Amino acid sequence: AGFVLRWVISDWATQIKTYSWDNAQVILVGNKCDLEDDRLVPTEDGQRLSEDLGFQFFEASAKDNVNVKQVFERLVDVICEKMSQSLEGEADLVSNHRGQALKDSPSDSQGGCAC
């Protein structure tokens, strides 16, 4: 069961990387951690797989409300961090572009227009 699950999750990760935008944020969550006696995948295997795929890993139980809030809060944090990085990168591009445009534009004393 662990091998099949690893293959399915790896396939999902490939599809996410192939068909989503570059900024897709993913967290791997093992649900139903309240059913310890029925566990098919050890925590260590889930952690190892998430590290291999570059995802963060949580175990959760919707039934017992274990880590549910933490998973959503972390995902929001990851999304906000990515958005902040994107905005900073865009601001750098705009300022660099404007700086270059100002250097290349004719000066007002020559009667030129910077349009």
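Of the 115 residues in the protein chain, 13% count as buried, where buried means under 20% relative accessible area, exposed over 50% and partly exposed in between (1.4 Å probe, protein chains only). This is a predicted model, in which local features need pLDDT of at least 70 and side-chain atom pairs count only at pLDDT 80 or more, while totals for chains, interfaces and linings use all residues. Residues are numbered from 1 along each chain as its sequence is written, and side-chain values use heavy atoms, with hydrogens and water left out.

**Exercise 1. Describe how helix H1 and helix H2 pack.**

Step 1: Recall that two packed helices are described by the angle between their axes and the distance between the axes.
Step 2: Locate H1 at residues 2-19 and H2 at residues 43-53; their axes lie 11 Å apart, at an angle of about 25 degrees. Axes here are lines fitted to C-alpha atoms, for helices over the stretch in contact, and angles run from 0 to 180 degrees between N-to-C directions.
Step 3: That angle makes H1 roughly parallel to H2, a label for angles under 35 degrees.
Step 4: Now look at who meets whom: Arg 6, Ile 9, Ser 10, Ala 13 and Lys 17 of H1 meet Leu 49, Asp 52 and Leu 53 of H2. Contact means heavy atoms within 4.5 Å.

**Exercise 2. Decide whether Ser 50 is buried or exposed, and find its contacts beyond four places in sequence.**

Step 1: Find Ser 50 in helix H2.
Step 2: Its relative accessibility is 2%, so Ser 50 counts as buried.
Step 3: Set aside neighbours within four places in sequence, and Ser 50 is in contact with Leu 28, Phe 55, Gln 56 and Phe 57.

**Exercise 3. Decide whether Phe 72 is buried or exposed.**

Step 1: Phe 72 belongs to helix H3, residues 68-104.
Step 2: Phe 72 counts as exposed because its relative accessibility is 55%.
Step 3: The C-alpha atoms of Phe 72 and Ile 27 are separated by 9.5 Å, and the two residues are 45 residues apart along the chain.

Conventions. Helices (H or I, at least four residues) and strands (E, at least two) are DSSP runs, numbered from the N terminus. Angles under 35 degrees count as roughly parallel, over 145 as roughly antiparallel, 65 to 115 as roughly perpendicular and the rest as oblique.
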